Amino acid sequence: MSNVIEIKVPDIGDFSEVEVIELLVAPGDTIKEEQSLITVESEKASMEIPASASGVVKEVSVKVGDKVAEGKVILTLEAEQAADDSKPAAGNAANDAASDSQERTSGADEPAQADKEEPAEQQEAAQQAGAESGSATLEVTVPDIGDFSEVEVIEVLVAPGDKVKQEQSLITVESDKASMEIPSSDDGEVEAVLVKVGDKVAKGTAIVKLKSGGGSAKAAAAPAETKSKPADSNVDKAQGELAAAAKAPAPQASGAAQQRVSPTAAFGSAVSARSLPHASPSVRKFARELGVDLTQITGSGEKQRITQDDVRKFVKAALSVATSTSSTTTSSQVGGGGLSVLDWPNIDFSKFGPIESKPLSRIKKISGANLHRNWVMIPHVTNNEQADITELEAFRVAMNKEYEKAGIKFTMLAFLIKAVVSALQKFPEFNASLSGDNLVLKQYFHVGFAADTPNGLVVPVIRDADKKAVSQIAKEMTELAKLARDGKLSPAQMQGGCFSISSLGGIGGTSFTPIINAPEVAILGVSKSSMQPVWNGKEFAPRLMLPLSLSYDHRVIDGAAAARFNAYLAAVLADFRRVLI
């Protein structure tokens with residue numbers, strides 16, 4: 001007996017509509033379950049929608065260029081199933097394991113049968129959960145990971161059969177700004193690990209199946225939730241295929257970066273929206289930043305998907321051509337439409353003496369790419385100023401003595417954050433981000449501070465610093481700095497910054513040029529304070545002077561505004577009563 005099934009678009013996250021950019025099947029094709037049917041793309045991601053059943057394609061209901069949303073019918077499928085096997089009686093002893101498996105598959109895929117079969121599945125799950133004298137099987141899922149829709153699994157820390165304790169780390173995940181470990185929510189024995197290195201996971205994604213001594217209600221509910229949304233797992237699997245070699249910048253920066261760089265800047269080939277190359281959004285962004293036309297690249301990945309390595313090889317080949325012809329190319333021809341920089345020197349350093357090769361940490365590799373982009377894309381200018389903090393330092397020392405019993409330690413950075421908020425309120429263009437031809441002025445004041453850790457530099461964010469006292473800021477800074485050193489900062493704790501401070505005061509230096517943390521438009525560098533003779537109108541008096549280095553985006557801020565900002569900040573630090581005005 002044949003059954004006609006409508007395959008629909010599953011849950012696609014926060015996007016109301018996505019565009020169909022590729023059809024992978026045609027009427028008459030025989031397809032298998034989980035086989036990709038269409039490719040859709042939003043402004044942030046592309047994914048393949050898989051089939052939820054096997055059969056023969058009867059009719060394709062969408063075409064390239066269509067906008068589709070959750071619930072939209074993709075195609076009609078004629079699935080061959082035995083009528084007697086589709087709804088087996090509860091007491092029929094003749095059913096074998098194969099027919100049970102087929103029943104579960106058809107129940108998940110056929111909307112007409114879902115309401116009838118789901119209660120049976122829930123009952124079966126509940127019976128399995130309570131079968132072993134109070135023991136229960138539950139699924140440990142990814143908790144809230146902040147504003148990131150997905151993060152990549154870079155390490156699996158447990159295996160089936162392992163005994164784990166509550167709060168024991170199960171996997172390590174990584175975003176474009178930090179890595180973090182996902183802990184177990186209960187004690188028990190690992191029955192199955194549901195993710196692998198390279199998978200993309202989001203809030204609610206199941207990590208492991210855990211046999212626990214308690215929580216049977218939770219265990220019974222978990223399989224039911226899994227059955228209620230079979231298409232969600234298909235979307236996660238499709239999204240997990242996205243290449244993650246080139247990390248995209250923070251979501252706030254993506255719009256501006258796309259405005260600044262044309263996808264065809266280097267090679268000038270117009271790309272039709274209906275014939276987009278097969279590549280993930282991160283690879284597309286990587287190519288845009290380098291000015292590479294993806295239509296000129298043949299992908300080496302699955303289904304000719306273009307990877308970051310493919311882009312690198314293409315750029316290397318272009319550089320080789322540019323280098324080989326540089327001797328006959330005039331200065332007016334260089335840098336017009338091609339890549340004109342020299343290839344990176346390849347040197348065998350061991351021939352000069354002993355060496356040791358040490359790989360970069362994950363944080364340094366990620367932050368290095370972002371810093372390079374920011375330095376190349378943003379026209380930096382640095383304004384240097386000195387602030388007289390003689391009275392403020394004496395006040396800070398007195399406050400530390402007073403709050404010693406409360407466990408609060410005041411640092412100069414805590415006072416700097418409060419002073420910076422006052423300056424941002426007076427000069428709102430510094431509390432902004434560039435989005436194409438528009439300047440986004442923010443009404444909130446989240447200040448990030450650079451924290452040095454064994455694995456590299458991270459930037460925790462003090463949120464709503466304008467609403468917090470210096471004592472609250474000092475306490476929160478201590479807590480965030482400890483999390484940073486322990487590698488336990490969550491992505492949410494490093495997002496949303498309006499302005500950053502990089503302080504080298506405890507190390508040394510007289511001035512430096514900090515690199516702007518896009519999509520912010522300015523950053524303050526702070527060097528080591530020193531006693532200096534300062535003329536007070538009558539004589540030279542010893543004063544404690546603090547060097548301030550303000551880097552700013554010259555597209556948004558001009559030199560006069562930067563000088564006024566830095567001068568006002570120095571005045572606030574010299575007389576902290578100004579923050580009350």
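Strands, helices and loops

Reply: Starting with strand S12: 6 of the 6 residues of S12 are buried, so S12 is largely enclosed by the rest of the structure. Buried means under 20% relative accessible area, exposed over 50%, and partly exposed in between, with a 1.4 Å probe and protein chains only. Strands (E, at least two residues) and helices (H or I, at least four) are DSSP runs, numbered from the N terminus.

Me: Before we go on, what kind of model is this, and how are residues numbered?

Reply: This is a predicted model, where local features need pLDDT of at least 70, side-chain atom pairs count only at pLDDT 80 or more, and totals for chains, interfaces and linings use all residues. Residues are numbered from 1 along each chain as its sequence is written, and side-chain values use heavy atoms, with hydrogens and water left out.

Me: Which strand pairs with S12?

Reply: Strand S10 (residues 151–156) does, in the antiparallel sense, over 4 bridges. Two strands count as paired if DSSP finds at least two bridges between them. Glutamate 152 stands opposite glutamate 174 in S12.

Me: What sits in the loop between S11 and S12?

Reply: Glutamate 167 lies there, between strand S11 (163–164) and strand S12 (169–174). Glutamate 167 has a positive phi of about 75°, although it is not a glycine.

Me: Is glutamate 167 buried or exposed?

Reply: Exposed, with a relative accessible area of 55%.

Me: Where does glutamate 34 lie?

Reply: In the loop between strand S3 (30–31) and S4. Phi of glutamate 34 is near 80°, a positive value in a residue other than glycine. Glutamate 34 is partly exposed, at 31% relative accessible area.

Me: And S4, how many of its residues are buried?

Reply: 6 of the 6 residues of S4 (residues 36–41), so the strand is largely enclosed by the rest of the structure. S4 pairs with strand S2 (residues 18–23) in the antiparallel sense, over 4 bridges. Threonine 39 in S4 is the bridge partner of glutamate 22.

Me: Staying with S2, is glutamate 19 buried or exposed?

Reply: Glutamate 19 is found in S2. It counts as buried, at 16% relative accessibility. Its C-alpha is separated by 9.8 Å from that of lysine 63, 44 residues apart along the chain.

Me: Switching to sheets. What is the strand order in the open sheet of 4 strands?

Reply: S9-S16-S14-S11, with antiparallel pairing. Strand S9 (136–141) and S11 stand at the edges, each with a single partner strand, so one side of each is left without a neighbour in the sheet. S9 and strand S16 (residues 206–212) pair over 6 bridges. Valine 140 has valine 208 in S16 as its bridge partner.

Me: Helices now. How many residues does H13 have, and what is its reach?

Reply: Helix H13 (residues 559–574) has 16 residues and reaches 23 Å from its first C-alpha to its last, close to the 22 Å expected at 1.5 Å a residue. The expected span is 1.5 Å times one less than the number of residues.

Me: Which residues of H13 are buried, and what covers them?

Reply: The buried residues include Ala561, Phe565, Tyr568, Leu569 and Val572. The cover includes strand S17 (380–388), helix H10 (390–402), helix H11 (412–426) and strand S27 (540–553). Contact here means heavy atoms within 4.5 Å.

Me: At what angle do H11 and H13 pack?

Reply: About 135°, with their axes 9 Å apart. Axes are lines fitted to C-alpha atoms, for helices over the stretch in contact, and angles run from 0 to 180 degrees between N-to-C directions. H11 and H13 are therefore oblique to each other. Under 35 degrees counts as roughly parallel, over 145 as roughly antiparallel, 65 to 115 as roughly perpendicular, and the rest as oblique. Residues in this contact include Phe415 and Leu416 in H11, and Phe565 and Tyr568 in H13.

Me: How do H11 and H12 cross?

Reply: At roughly 125°, and the axes of H11 and helix H12 (residues 470–485) come within 9 Å. These two helices are oblique as well. The contact includes Leu413 and Ile417 of H11, and Ile473 and Met477 of H12.

Me: Last one. Where is the cis peptide bond?

Reply: From alanine 518 to proline 519, with omega near 10°. Proline 519 is in the loop between S24 and S25.
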